Amino acid sequence: MDGQFLVVFSVALAAALASPLGGAIAIFVRPSSLFLSIAVGLAAGVLFGTFAFEMVPKALELSPLASVVGAFAVGFALVYGLDLYVNRGALAGSRAEQRQRVERFHMRHRPLGSEVTVLAGATSVEELIEGITIGVGAAIEPGVAFIVGLAICIDNISEALSIGELAREESGKDYKARILKWTGLIGASLFGSAMAGWFLLRGLPEGVLGFLLAVGAGGMFYLTVTDLIPEAETHHYLQSAAIAVAIGFLVMLVLSELM
């Protein structure tokens, strides 16, 4: 038990510190667009590989197929619902026919905060799901917690870089304080929820742990396809984002086979 706790504590702490580390990098070294496309694309590929090769297969070992499908949908819906909430229920892509209608709606009903606040606040809440996933993963098997934590660590660095870029554009001279505040909150949210997941949920039946792992996979899937990949593509040069996604995906395939 002590060994398992050491694993979840170390993994959660590393993943939590990754966010303020990424924020510090964004403060002292302004990343180029090429670097951002690679960093965010790599995070997307790593997350794809994590839930494809580790989280979903492990969930299927512990829970029936119908339960895993339902749990994945629940995780997806939770993060999607959060996205709708902070954007007042209106979302549209830049080339969508409904874009102008959504922009007019947001002029009357502004999203819950600036672009940085929306991104960082939503990320902080998403970290609750990811942190619980680390705790649950450690209760199932230490290797699961390690791989999930590694993926979240890379993801948190890339998201902190994106938050830093937005904060520079919005905040002027105050951008450093905003970056540190938000990335610190994200890290604390992850660490606290990982510890809660470990202490409160590790005694649950295997079928329930598998369900919770699939919920985490669904939430991470939504984050990847709606935030990370579009963000990486907006900065790509010579398909640098796509290459980085493929590298991250293959790295997690190799790790999942070696663990």
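Visitor: What should I know before reading the values?

Guide: The model is predicted, so local features need pLDDT of at least 70 and side-chain atom pairs count only at pLDDT 80 or more, while totals for chains, interfaces and linings use all residues. Residues are numbered from 1 along each chain as its sequence is written, and side-chain values use heavy atoms, with hydrogens and water left out.

Visitor: How are two packed helices described?

Guide: By the angle between their axes and the distance between the axes. Axes are lines fitted to C-alpha atoms, for helices over the stretch in contact, and angles run from 0 to 180 degrees between N-to-C directions. Helices are DSSP runs (H or I, at least four residues), numbered from the N terminus.

Visitor: At what angle do H2 and H8 pack?

Guide: The angle is about 160 degrees, and the axes are 9 Å apart. H2 and H8 are therefore roughly antiparallel to each other (under 35 degrees counts as roughly parallel, over 145 as roughly antiparallel, 65 to 115 as roughly perpendicular and the rest as oblique). The contact of H2 with H8 has 20 nonpolar, six polar and three charged residues. Here Ala, Val, Leu, Ile, Met, Phe, Trp, Tyr, Cys and Pro count as nonpolar, Asp, Glu, Lys and Arg as charged, and the others, Gly among them, as polar.

Visitor: Is the crossing of H2 and H8 left-handed or right-handed?

Guide: It is left-handed: the near helix is turned anticlockwise from the far one by less than a right angle, whereas clockwise would be right-handed. H2 (residues 33–62) also meets H9 (residues 240–258), where the axes come within 6 Å and cross at roughly 35 degrees. That crossing of H2 and H9 is right-handed.

Visitor: Which residues line the largest cavity?

Guide: A cavity is a set of points, on a 1 Å grid over the protein atoms alone, where a 1.4 Å probe fits but cannot get out; lining residues have an atom within 4 Å of a point. The lining consists of Val-79, Glu-126, Ile-129, Glu-130, Gly-219, Met-220 and Leu-223. Helices H5 (115–140) and H8 (206–234) each supply at least two of the lining residues.

Visitor: Where is Leu-238, and is it buried or exposed?

Guide: Leu-238 sits in the loop between H8 and H9. Leu-238 is exposed, with a relative accessible area of 66% (buried is under 20%, exposed over 50%, partly exposed in between, with a 1.4 Å probe and protein chains only). Its phi is positive, about 50 degrees, although Leu-238 is not a glycine.

Conventions: 1 Å grid on protein atoms, 1.4 Å probe; cavity = no way out; pocket = protein on both sides within 12 Å on 5 of 7 lines; lining within 4 Å.
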